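Please read them beside the sequence and the coordinates.

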Amino acid sequence: MDWRTIIYVLLLVSLRIAKALPRTSQDTEEKTSIGQRFSQLQENNFKAVALILFAQYVPGGTFGRVAAMAEGVTALARRCAAAASDSPDCLKPLDRIFLDTICQEENLPRSADCCAKKDPERHDCFLSLKNSSRGFSSPLETPDAEAACRNRSQHGQPLTGYFIYEVSRRHPFLYAPTILSVALRYEEMMENCCGSAEGPSPHVEECFQRQAPKVVKPVREDALRQEHTCGILKKFGERTLKALKLAQISQKFPKADFVTVHKVAVAVADMHKHCCRGDALDCMRDREEILRYVCTNQHALSSRIQQCCEKPLLHRSECILNTENDDKPAGLSPLVREFIEDKGICERFAQEKDMHLARFLYEYSRRHPEFSAPMLLRIGKGYEDLLQECCRPGAPSGCRSRGEEELRKHIYETESVMRTSCDIYKEKGDYYFQNELLMSFTKKMPQLTSAELIKFTKEMTTIGSKCCQLGQDKLLPCAEEHLDLVLGEICRRHLADPINPGVCRCCSSSYAFRRPCIGKLEIDESYVPLALTPGLFAFHGDLCSSEEEKLQHRKQEMLITLLKYKPQISPEQLGSVTAAFTAMRERCCREANPEACFLKEGPELIKRSEKMLSA
C-alpha cells in the first residue's frame with residue numbers, strides 16, 4: 001500500500017468512526033485503547049500517525065530512531081488488537097504509551113529531564129520541549145530538485161515517510177491531518193516533476209520552483225497559525241478561545257442560528273485543547289467529527305460550502321476556511337439595540353452571564369464581517385463592562401445608553417489606526433515603511449536582537465503590501481488578524497525570554513487588547529542604552545554593495561544600533577545623522593579603496609554625530 005492510499009484511508013476511516021457533536025460526553029468516557037485504535041486505523045495508517053507524533057516530541061531524533069519507535073508502538077498495537085489483550089501495556093492510555101516508548105530510548109536529545117518526571121508532569125515537560133524547539137531545526141525549504149528525484153527513483157515510497165518526518169520535527173505544533181495533506185501535495189509534486197521511472201523531466205528544476213511553494217508555504221503558515229492558537233489557549237484560557245472561535249464562525253456563517261454556531265465554536269475550541277496537548281490521535285478524530293458535522297448540516301450553516309464538502313476529505317478543511325463569508329440575512333440592522341434597551345437585560349446577564357455575552361457576540365459578529373475578530377472581542381468586552389457597571393444596584397437610569405457612543409468611538413479609533421498605517425505604507429513603500437516600524441519597535445522593545453526586530457517588522461510590512469490594497473470592508477480583518485499573528489510571535493518570544501515590563505503587561509493582560517496595548521507602548525524607560533565603544537559603529541566596504549537588499553539590511557542594522565545607543569533621539573537629530581552618514585558613504589564608495597576611506601572617515605562621523613546628538 002503506497003503513502004497516498006495510506007493517507008486517504010486513514011482519514012476516511014477516522015471520518016466513519018466519528019460521532020455527532022458535541023464531544024463533551026465523549027470526553028468523560030474511557031479513552032480508546034491502543035488495540036482498538038489500531039483496529040480502526042489499520043497498521044500502515046496507525047504507523048503514519050505514530051511517525052508524526054514521535055518526530056514532533058523528539059525533534060532532534062534521527063529518522064531511523066523515530067521510525068524505529070513508530071515500528072515498536074505499532075507492533076505493540078498489533079499484539080493488543082490481535083489478542084484483545086487485557087495486559088497492562090495494552091490498557092495504558094495512548095499518550096502514556098508513546099511517552100514510555102520515548103523514555104525507553106537511550107540518549108535521545110533533551111528528553112532525560114522529562115523522563116524523570118511522573119505523568120501528567122512528564123507530558124507537560126515534553127510539551128514545553130515543543131515550545132522550546134522553535135528554531136531548533138532549520139525551516140522547511142524547497143528541496144533540491146535533482147537530488148529529490150534521484151532519491152525517489154532509488155527509494156520510492158519510503159521517501160514520503162522521510163518527508164513526513166522532516167515536516168513533523170520542524171513543526172512540532174502542526175496538526176497531523178495538515179501534515180498528511182502536505183504529504184499528498186509533496187507526492188503530487190514528485191510525480192509531476194520527476195517524470196517517469198525511466199528518467200526525470202528535462203524541466204525538473206523549473207517544475208520544482210513552480211510547485212514547491214504549494215508544499216512549503218502552507219506548512220509555514222499553518223504551523224504559525226496553529227502555534228498561535230495554542231498560545232492563546234495557554235495564556236488566556238478556554239473562555240477566550242471559545243469567544244474568538246464564536247466570532248469567527250458567526251462571521252463565516254451569518255445565516256446559521258446561534259445554537260448551531262455556538263455548538264461548532266465549542267467543538268473547535270475543544271479540538272484545539274487536544275491538539276495543543278499533542279494528542280495527535282484525538283486531535284485527528286476531533287477534526288474529522290467537526291468536518292462531518294459541518295458538511296452534514298451545511299443546509300443550516302452556509303450555501304457556499306457545498307463544493308468543499310464534495311472534495312476529498314483532506315482538502316475540505318482548507319477549502320471551508322478559504323471560502324468567502326456567506327451573505328448576511330436580509331434586514332439585519334447594523335446595531336443590536338435589544339441588548340441595550342430591553343428591560344430584562346440585567347436579569348438575563350445575572351442568570352446566564354456567559355451565554356448572554358455569547359449571544360451578543362454572535363449577533364454583532366454576523367452583522368459585521370468588515371470587523372476583525374480581535375476587534376469583535378474588544379466590543380464584546382466593552383459590552384460586558386457596560387453591563388457590570390450599569391446593572392449594579394443604584395446605577396443611573398440612562399447608564400446603558402452611553403454604550404453606543406463608546407462603541408462608535410472604539411470603531412473610529414481602530415479604523416483610524418489602520419487607515420493611517422496604510423497611508424504611510426502607500427506613501428513610503430516597503431523599505432521606508434519598515435524603517436518607520438523599526439524606529440517604533442526598537443524604542444518599545446530594545447532588548448530584541450537586530451535580527452528579531454528586522455524579522456518582525458518585515459512581517460508587518462508584508463501585511464501592509466497584502467492588506468492596504470483592499471477595500472474598507474476587507475482591510476480590518478486582513479490587517480489586524482495578520483498583525484495578531486506577528487504579535488503572537490513576539491509574545492511567545494517574551495514568554496521564552498522576557499523582553500521588558502511593558503511587553504509583559506500587553507502580552508499577559510488581555511488577548512483582545514494586545515494590539516492596541518503594544519501600539520501605545522513608548523520608549524522603554526527601564527532599558528540601559530548601549531555604551532559607545534570603538535566597535536559599536538563599524539563602517540566597512542560592504543556599505544558599497546551593489547545588491548540593494550543586502551545594503552538595505554546593513555543600513556537597518558546600523559539604524560537599530562543607533563536607536564539602542566540613543567533611544568531618545570529626535571526626528572531632527574536622526575535626519576541630521578542620516579544625512580551625514582549618506583554623504584560619507586557616497587564619498588567613500590567613489591574611492592578606489594573604500595575600506596581605507598571608511599577607516600578614516602568613520603571615526604570622524606561618530607564624533608560629529610555625538611555633537612549633533614548632545615545638542
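Notes on the model

1. Surface. The chain exposes about 29,700 Å², and carbon and sulfur atoms supply 53% of that area. Accessible areas come from the Shrake-Rupley method with a 1.4 Å probe, and for residues only the protein chains shown count as cover.

2. Basis. This is a predicted model, in which local features need pLDDT of at least 70 and side-chain atom pairs count only at pLDDT 80 or more, while totals for chains, interfaces and linings use all residues. Residues are numbered from 1 along each chain as its sequence is written, and side-chain values use heavy atoms, with hydrogens and water left out.

3. Overall content. The chain has 30 helices and 0 strands; both are DSSP runs numbered from the N terminus, helices being H or I of at least four residues and strands E of at least two. Of the 615 residues, 50% count as buried. Buried means under 20% relative accessible area, exposed over 50%, and partly exposed in between (1.4 Å probe, protein chains only). Among contacts between residues at least 6 apart in sequence, 72% join residues at least 24 apart, a contact being heavy atoms within 4.5 Å.

4. Main core. The largest nonpolar core has 112 residues, and those with the most contacts inside it are Tyr-364 and Phe-539. Such a core is a set of buried Ala, Val, Leu, Ile, Met, Phe, Trp, Tyr and Cys residues joined through side-chain atoms within 4.5 Å.

5. Tyr-364 and the second core. Setting aside residues up to four places away in sequence, Tyr-364 touches Pro-334, Val-336, Phe-371, Leu-376, Ile-379, Leu-407 and Ile-411. A second, separate core has 60 residues, including Phe-38, Leu-180, Met-189 and Ala-212.

6. Aromatic pairs. Rings of Phe, Tyr and Trp (its six-membered ring) pair if their centres lie within 6.5 Å; planes under 30 degrees apart count as stacked, over 60 as edge-to-face and the rest as tilted. The count by this rule is 18 aromatic pairs. One of them joins Phe-63 and Tyr-162 edge-to-face, at 5.1 Å centre to centre and 85° between the planes. This pair links distant parts of the chain, since Phe-63 is in helix α5 (residues 63–83) and Tyr-162 in helix α11 (residues 158–170), 99 residues apart. Phe-63 counts as partly exposed at 28% relative accessibility, and Tyr-162 is partly exposed at 35%. Elsewhere, ring pairs link Phe-339, Phe-360, Tyr-364, Phe-371 and Tyr-383 into a cluster.

7. Charges over rings. The charged end of Lys-444 sits over the ring of Phe-441, 5.8 Å from its centre. That of Lys-566 sits over the ring of Tyr-565, at 5.5 Å from the ring centre. The criterion is NZ of Lys or CZ of Arg within 6 Å of the ring centre and within 35 degrees of the ring normal.

8. Leu-332. This residue is in the loop between α18 (313–322) and α19 (338–341) and counts as partly exposed at 24% relative accessibility. Apart from residues up to four places away in sequence, Leu-332 touches Arg-366 and Arg-367. The C-alpha atoms of Leu-332 and Arg-367 are separated by 6.9 Å, although the two are 35 residues apart along the chain.

9. Ala-269. Leaving aside neighbours within four places in sequence, Ala-269 is in contact with Leu-241 and Lys-242. Ala-269 and Ala-243 are 26 residues apart in sequence and 9.2 Å apart from C-alpha to C-alpha.

10. Backbone points to check. Most residues other than glycine have a negative phi, and most peptide bonds are trans. The peptide bond from Asp-119 to Pro-120 is cis, with omega near 5°, and Pro-120 lies in the loop between α8 (112–115) and α9 (121–132). Asn-107 has a positive phi, near 60°. Asn-107 is in the loop between α7 (94–104) and α8, and counts as exposed at 72% relative accessibility.
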